Amino acid sequence: MARVVVDVMLKSEILDPQGEAVLGALPRLGVNDVASVRIGKRVEIEFDQNAQNVEEQSRVIADQLLANPVIESFTVSIEAA
Amino acid sequence: MTRDLNVAVDTVGVADATPDEKQPWAELGLKEDEYQRIREVLGRRPTQSELAMYSIMWSEHCSYKSSKVHLRQFGEKNPRTPRLLAGIGENAGVVAIDDHIAVTFKVESHNHPSYVEPKQGAATGVGGIIRDIIAMGARPIAVMDSLRFGAIDHPDTARVLPGVVDGIGHYGNCVGLPNIGGETYFDPCYQGNPLVNALSVGVMPRSRLQSMQASGTGNIVILLGAKTGRDGIGGVSVLASATFSESGEGDARPSVQVGDPFTEKLLIEVCLELFDAGLVVGVQDLGGAGLTCALSETAAAGDGGMHVDLELVPLRAEGMEPQDILASESQERMLLIVDPAKAEEVLARSRRWGLLATAIGTVTGTGRLVVDFHGQTVVDVPPKSLADEGPVYNRPFTEPNDLGLIAVDRAETLPRPATDEEIRQTVLDMAASPNLCDKSWITEQYDSSVFGNTVLGAPHDAGVIRLDERTGVGIAISLDGNGRFARLDPYHGAQLALAEAYRNVAVTGATPIAVSDCLNFGSPEDPHVMWQFERAVTGIADGCQKLGIPVTGGNVSFYNQTGREAIHPTPVIGVLGVIDDVARRIPLGLGRTGDTIALIGTTLEELSGSEWAQVKHGHLGGVPPKVDLDHEMKLAELLGRLAGTEQLAAAHDLSEGGLAQALVEAICHSGLGAQILLPEGADPFTYLFSESSGRVLVVIPRGQELAVRTACEQRGLPITPLGVTDANTDGLHLRDHFDLTRGDLEAAWKGRIGSRLGE
Amino acid sequence: MTARIGIVTFPGSLDDRDAARAVHLAGAEPVALWHDDAQIHGVDGVWLPGGFSYGDALRCGAIARFSQVMDTVKAAAGQGMPVIGVCNGFQMLCESHLLPGALVRNAHLRYRNRPARLRVETDRTAWTRLYEPGNEVVFPAKHGEGRYVADEAVLDRLEGEGRVVFRYLDNPNGSMRDIAGVTNEAGNVVGLMPHPEHAVEALTGPSTDGLGIVASVLAHLSEGVRR
């Protein structure tokens, strides 16, 4: 069984209001030495046992559905069965 | 990164020394004579930064160079009214409500960005119009939107519509503004060019009216709000420096602006606090053209000049060059002009809200806008040359050749339903059609009640907001357009939209007092489009003159076309009305059982451009319904008089879908049924589906019929009794013809948007 | 002397003015409190209003939990001070562990704004003592993340201890067991998703049922919790 992890992140030039808000809250936890926080999505996909072209199919899923290519980028990594 | 950071910045000195440097003015959208004019103004070639600024400020979007000659009509024909405190040319028009309170409102388009990235495009459209309202000194109190998409079953509509609605909802809900209505239409002509027009309205004490002037030598220029990133640098700065960089790849792709309504909410609170404390001399929002526009407009409006040190601007991205910073469209930023003695307090109050505020320059007496970057001068220009003295075009316009043919292709000649059963089915089919069906799938995604002052919201004809809890004084706003009518006849089509918005306001009991418009058209370089534009503007200007209400501002959106196919000309009209006590508002519905249902106005055989012609025949031809603005004024006066008295229980405007649709909506909105008897001799189909203008369905409490009839007759307004409301009638009983149960009506009318979008 | 109800404004709070209006209309005195000020200025009760504090970043209410004022509110709640959280305020109370459970994305995944019919399940809280159990009230519900979830053991305990305060009659968001609002063991802390402060005037709201919330806390402050 192939397990694929897709990480979706906002592209670096796109504003991440969530990350900014978390960054702003850190001093209240006593953490003052963080320069940047960016928040993304992790998606775990499990393919059927005998699925073919797992990586290619995962890229299609990521590109067409999981990520919005206008503002987001993604990485696909395949974990051993 | 493909740009070499060691490349020297293009300064004024470098520009002087290299007069023959080739510059990408054409790629930036400037014409050769425009580029030559820039050289004349400066007496040298522009620097990269200057070239970027001129290309932005002289673009159609910022300079109104194609529309200006026609928009002048608004100023020339506007009725004089002491209510108008600020008009065209300001961020938004400001109208006095009473001796103490003023209201500012404006509608603006964000069409193209909403097609590229529907959610963020629509969200930043809402954010932008809200900042226009803040810049006048007002607290934004509501938003509305006018949306047009391609065919509802087209796969791309399933991408664009939910994204746009999500964007408007997310931004408006999070910034805390009630969405009080608007309109949504579908037509294949908007397939590649959806229209997203957003309106915002704000309220202020009259004394808080703000100015955009950068005046007072020595005053400090403060940038307030979000950091500046590479958002929406529509290729401008990259292209501006293209010849200076050998490599043309890399980050050249324009990036989408992302809005942060949380920061916008803080901007609202901080700006209002600063205004109230009298800490601000001048203010301007940063909109589509970013710092470029805000700096040049405030400097041009002031009496001196301005000096800015650009490296002080807080940045979100690395490696931004001066022209990037000047062109960035990062959202949620405002520019403030502040007395130096008060600057520290401004910074402190901003900090208290957790909002970034940075002094980036000073007002000077030089008459020049000078921008330095790390001590090197990259911009040195007369600010008026950017903001006020851009090119003006008198573009050729000619009537489209097909208009004569279209005019004779009348919908009145199309085959009609003949039997009662066919008409009955037509009522259901129409109620279920995308433009007429229930829109709550959309409006339920918007907060409508935050602030606790929303008296009427969607699906009422107009939104009504209370301004003052003590006096009850309030406003009503409606936003209307009809691209089909305007395609058939842009002059009268625009007036029909104006008349409808005016009537929608009047139907709530409010008195219409001012107009804002959003003019959505194809390419101004097409003489046929330009003709449509000229006709529509003239129609609005003439109509407003007649109605005695001024156009206070608005927005022009050209180039809404794919290839040679332009959208229908779509002027969207926002009308603002005032009501002295919102408790007097007239609701939608059917009143109480036993009340009389009547129709004010005249029903003619007017089917061209109608929804019926569209839904049943996919037809667009003939001439649109007649407009009678004298009649509209009398009707509005009557409704204002009856509002809040025992003589009127409910009212509803007749528009798309005619009487049939108005009855369906009134029944679905109330718990009652309706027994209707059409006037003797009336053709049922025509009477139910004609879209004659100037008609209102009214519900008159029992015993008041004579008084209302007399009031109508005194004003020369025809009134026709149609029937009674009845708790024991299930739905609509059209005597001698057919019955439609509430179940039939709701099954047709409700839940259509979601299911057609595949949900 | 009339009771003073503190209403906290966080960055991104939206319904603070509306809460103040409701408090005022019901005959109490609203007092503005600030997220960054640990003082609650001697108020008799605290209202955490709706909105999108800190932009709802991470999870709704997750960042507000760390504000100065919340430390004080938590301590005061522990001593029995009446505290109500509405919408985003309910989310803060759950994030702060003053109330059990969590509010997650609506089952239909959209923000939805509709008047919600609710059944009052208990009058044994500081904020509902003037309602009768079984009363039906209508408050606007408007949120994207209002689906109440907790594990079965917690839900069973809440039910067993009579700590479900409001239940949806037409569940708008997929909340478990139709729960719209809950209370703590002592009955002084109440959280609910629908907005009573938007149901205080016939002119602007779907009902005036929300006035009973403030009226209840006034009765509670003068007479104590009904047991």
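At what angle do the axes of helix H23 (residues 658-669) and helix H26 (residues 742-749) of chain B cross? The model is predicted: local features need pLDDT of at least 70, side-chain atom pairs count only at pLDDT 80 or more, and totals for chains, interfaces and linings use all residues. Residues are numbered from 1 along each chain as its sequence is written, and chains are lettered from A and ligands numbered from 1 in written order.

The two axes cross at roughly 105 degrees and come within 10 Å. Axes are lines fitted to C-alpha atoms, for helices over the stretch in contact, with angles from 0 to 180 degrees between N-to-C directions. H23(B) and H26(B) are therefore roughly perpendicular (65 to 115 degrees). From H23(B), B:Val664, B:Ile667 and B:Cys668 meet B:Arg742, B:Leu745, B:Glu746 and B:Trp749 of H26(B) (contact: C-beta atoms, placed from the backbone, within 7 Å). These contact residues comprise five nonpolar, no polar and two charged (nonpolar: Ala, Val, Leu, Ile, Met, Phe, Trp, Tyr, Cys and Pro; charged: Asp, Glu, Lys and Arg; polar: the others, Gly among them).

Chain B also holds an open sheet of seven strands, ordered E8-E10-E7-E11-E9-E12-E13, with mixed pairing. Helices (H or I, at least four residues) and strands (E, at least two) are DSSP runs, numbered from the N terminus; strands pair if DSSP finds at least two bridges between them. Strands E8 (282-285) and E13 (376-381) of chain B stand at the edges, each with a single partner, so one side of each lacks a neighbour in the sheet. Neighbouring strands are turned by 20 degrees against each other on average, direction ignored.

Within this chain, E9 (residues 305-309) and E12 (residues 369-373) pair in the parallel sense over four bridges. B:Val308 stands opposite B:Val371 in E12(B). Helix H7 (residues 118-135) of chain B packs on the sheet, touching E8 and E10 (333-338). The direction of H7 makes about 170 degrees with that of E8(B).

How values were computed
Contact = placed C-beta atoms within 7 Å. Parallel < 35°, antiparallel > 145°, perpendicular 65-115°, else oblique.
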